[in-house]
Amino acid sequence: MSNIEKIYGIHAVESLLERGPQNVIQLFLLKNRSDKTLSKIESLAKNAGIKCQNVDRRKMDDWVRGNHQGVIAEAKVHDASMSESQLLDLAASKNDFFVLVLDGVTDPHNLGACIRTADAAGVDAVILPKDRSASLNSTVRKVACGAAEHVPTVRVTNLARFLKQLQQEFVWVIGTAGEATSEIFDTKLENKVALVMGAEGAGMRRLTRETCDELIKIPMAGSVSSLNVSVATGVCLFEYVRQNGKTSSRN
């Protein structure tokens, strides 16, 4: 599945030109701006045979609502989506299956950051509920810096039911909760794991929490009682990576 969207922001466009320049239809740069960052983008575009158009700031501000940083690309976006049945088949076929589950992350900046970190950690997929999640919009893509087109995402109708289906494939479902008594650094994260992160403030929904095989928490030494969900996700994902001695499980 592909759509034509405007990708904006220096890092997002740079990643697009490095990973998939064939998908770029048009590239727009802020008129009268000249610096090393834009020079690199111009160089990548030139090498890919893409012409750059210089436009004024007012026009760019009208095109996108976020901070475009003087760079906008119109491109074909291919979502790395996966169906529920495809992910269940993958879980059945692998011994080192690892997925990130985001229950109720509705802020696009947090979702984009989580997907970017999930890509770096090599997860097999990111699971999102259909009814309580930010969509993969331009803001998510900007923050994810290209990862949204590479990390498979699975939209599920009933999250608790789908987690139970994963458990039938011997996937250990671990949820994060402030009230948990076990700490992540004392927890074995081996073989098949589904890591569940809840929304900031509300955390996981009740049915999601009750479906988890185990609840863990990140130990907090300072006065702050919790971390931003994207930061907490990074801590947990890379603890799995550390324990399993690898940087990627996705083929």
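Start with the second largest pocket, which has a volume of about 170 Å³. A pocket here is an open set of points, on a 1 Å grid over the protein atoms alone, where a 1.4 Å probe fits and protein lies on both sides within 12 Å along at least five of seven lines; a cavity is a set from which the probe cannot get out, and lining residues have an atom within 4 Å of a point. Points are joined across faces, edges and corners, and the volume is the space filled by probe spheres set on them.

This is a predicted model, in which local features need pLDDT of at least 70 and side-chain atom pairs count only at pLDDT 80 or more, while totals for chains, interfaces and linings use all residues. Residues are numbered from 1 along each chain as its sequence is written, and side-chain values use heavy atoms, with hydrogens and water left out.

Now select the lining of that pocket: Ile7, Ser15, Leu16, Arg19, Gly20, Asn23, Lys76, Val77, His78, Gly146, Glu149 and His150. At least two of the lining residues come from each of α1 and β4 (71-78). Helices (H or I, at least four residues) and strands (E, at least two) are DSSP runs, numbered from the N terminus. Colour the lining by class and you get three nonpolar, six polar and three charged residues. For these classes, Ala, Val, Leu, Ile, Met, Phe, Trp, Tyr, Cys and Pro are nonpolar, Asp, Glu, Lys and Arg are charged, and the others, Gly among them, are polar.

Next, click on Asn23, in the loop between α1 (10-19) and β2 (24-30). Is Asn23 buried or exposed? It counts as buried because its relative accessibility is 16%; buried means under 20% relative accessible area, exposed over 50%, and partly exposed in between (1.4 Å probe, protein chains only). Leaving out residues up to four places away in sequence, Asn23 touches Glu74, Ala75, Lys76 and His78. Contact means heavy atoms within 4.5 Å.

Then pick out Ile7, Ala12, Leu16, Arg141, Cys145, Gly146 and Glu149, which line the largest cavity. Its volume is about 30 Å³, and its lining has four nonpolar, one polar and two charged residues.

Hop over to His68, in the loop between α3 (57-63) and β4. His68 is buried, because its relative accessibility is 2%. Its contacts, again skipping residues up to four places away in sequence, are Tyr8, Gly9, Ile10, Arg57, Met60 and Asp61.

Time for the largest pocket, with about 530 Å³ of space. Of its 23 lining residues, select Thr176, Ala177, Gly178, Ser226 and Leu227, which lie nearest the centre. The elements giving two or more residues to this lining are β10 (193-198), β11 (214-217) and α9 (229-244). By class, the lining has twelve nonpolar, seven polar and four charged residues.

Finally, show the strands. An open sheet of seven runs in the order β7-β6-β5-β10-β8-β11-β9, with parallel pairing; two strands pair if DSSP finds at least two bridges between them. At the edges are β7 (153-156) and β9 (182-183), each pairing on one side only. Zoom in on β5 (residues 98-103) and β6 (residues 125-129), joined by three bridges. Here Val99 stands opposite Ala125 in β6.
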